[in-house]
Amino acid sequence: MFIVELSGGRVHKISFDGTLTRLGGTGKKGGSGDGGPAGDALFNGMHSLAVGANDEIYVADTWNNRVRVIDPKTGKIAAFAGTGTKGDSEKESAALTADFGGIYCIAFDPKKENLFLTDLDNRRIRKVNMKTGSATIVAGNGKKGVPQDGADAVSQPLVDPRAAAVDRKGNVYILERGGHALRVVDVQGKIRTVVGTGKAGLSGDDGPALKATLKGPKHLCIDLEDNVIIADTANHVIRKYTPGDGRIVRIAGTGKLGMSGNGGDALAVSFNEPHGVFVHPNGTLYIVDSNNHRVFRLE
């Protein structure tokens, strides 16, 4: 397992025997170190990571407006996407020379051919082709607003995209924090809302997803059956959207802020703003209980 610490400024590895090892970061805030040992590098507000096809560790160095990569063989770190200067490259360009805003989530498609970047500041979802290194826009025209169902995703506004993930069919799911909604871009590039009314709340469990309410959701992942797991952060719960029937169900959390329930029923656990979810290839779900500074495993 690999973990990034937002405030701690470090990247960690947890081995099979439970040993914790620091791979990157000194704990100090900054943006230096490219070309040298990752352990000596400085980061600024890391929010996400993704493991590549050859076990490279890609890190969303959020407040440095870029993505960096750690080579597990050499232990060195390098720039991957973004110049570090905040900006908005609106046309296709090389990822290394493109300007981004805060990149809050990175995620590979299932074949790890493209890395998807959630550029919250510019309200865009971009993808970087791993062979060519080119960055293109997948969704968002840079303006703030609710996208029109059925329209071309690149022509539509987004409220504030916080995370994106791709299923095995090529659908790109976009989670909107302040939009309190989940949207999807299909393989034809059309966007539509699939979860949420747009109003903040905690309602609709085990019902139609379009009638449910979310509150400040901040992360998502795709499970082994192409369902979408949502960290409904401000509601302190984890929920699952099933595209097959268009419904949503709570799978962990009481909905009340707290720190209890370890070792018991997942629905009886009290979280404090969970910011991360990840499904292991064996089906195990990991939950980052951010403000309680802990990680749960749900089998």
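Which residues is Asn227 in contact with, leaving aside its neighbours within four places in sequence? They are Cys221, Ile222, Lys240, Tyr241, Thr242 and Pro243, where contact means heavy atoms within 4.5 Å. The structure is a predicted model, in which local features need pLDDT of at least 70 and side-chain atom pairs count only at pLDDT 80 or more, while totals for chains, interfaces and linings use all residues. Residues are numbered from 1 along each chain as its sequence is written, and side-chain values use heavy atoms, with hydrogens and water left out.

**Asn227 and its loop**
- Asn227 is found in the loop between E19 and E20, where strands (E, at least two residues) are DSSP runs numbered from the N terminus.
- Asn227 is buried, with a relative accessible area of 7%; buried means under 20% relative accessible area, exposed means over 50%, and partly exposed lies in between, using a 1.4 Å probe and protein chains only.

**The open sheet**
- An open sheet of 5 strands runs in the order E18-E22-E21-E20-E19 with antiparallel pairing, and two strands are said to pair if DSSP finds at least two bridges between them.
- The edge strands of this sheet are E18 (207–208) and E19 (219–222), each of which pairs on one side only.
- E18 pairs with E22 (residues 247–252) in the antiparallel sense over 2 bridges, and Ile248 in E22 is the bridge partner of Gly207.

- Not counting residues up to four places away in sequence, Leu220 touches Ala163, Ala164, Ala165, Tyr173, Leu175, Leu182, Val228, Ile229, Ile230 and Val277.

**Salt bridges**
- Side chains of opposite charge can pair when their charged atoms come close.
- A search of the whole structure finds 19 salt bridges, each being a side-chain nitrogen of Lys or Arg within 4 Å of a carboxyl oxygen of Asp or Glu.
- Arg68 and Asp34 meet through their side chains in a salt bridge (3.0 Å, N to O). Because Arg68 lies in strand E6 (residues 66–70) and Asp34 in the loop between E3 (20–24) and E4 (48–51), the pair ties together parts that are 34 residues apart in sequence.
- Arg68 is buried, with a relative accessible area of 0%, whereas Asp34 is partly exposed at 35%.
- Another salt bridge joins the side chains of Glu176 and Arg183 (2.7 Å, N to O), and both Glu176 and Arg183 are buried.
- A network of salt bridges links Asp88, Glu90, Asp119, Arg124 and Arg126.

**The second largest pocket**
- The second largest pocket is lined by 20 residues, of which Phe116, Lys127, Val166, Gly170 and Val172 lie nearest its centre.
- A pocket is an open set of points on a 1 Å grid over the protein atoms alone, where a 1.4 Å probe fits, with protein on both sides within 12 Å along at least five of seven lines, and lining residues have an atom within 4 Å of a point.
- E10 (114–119) and E12 (134–139) each supply at least two residues of the lining, and E12 gives the most, with 3 residues.

Definitions and conventions. Helices (H or I, at least four residues) and strands (E, at least two) are DSSP runs, numbered from the N terminus.
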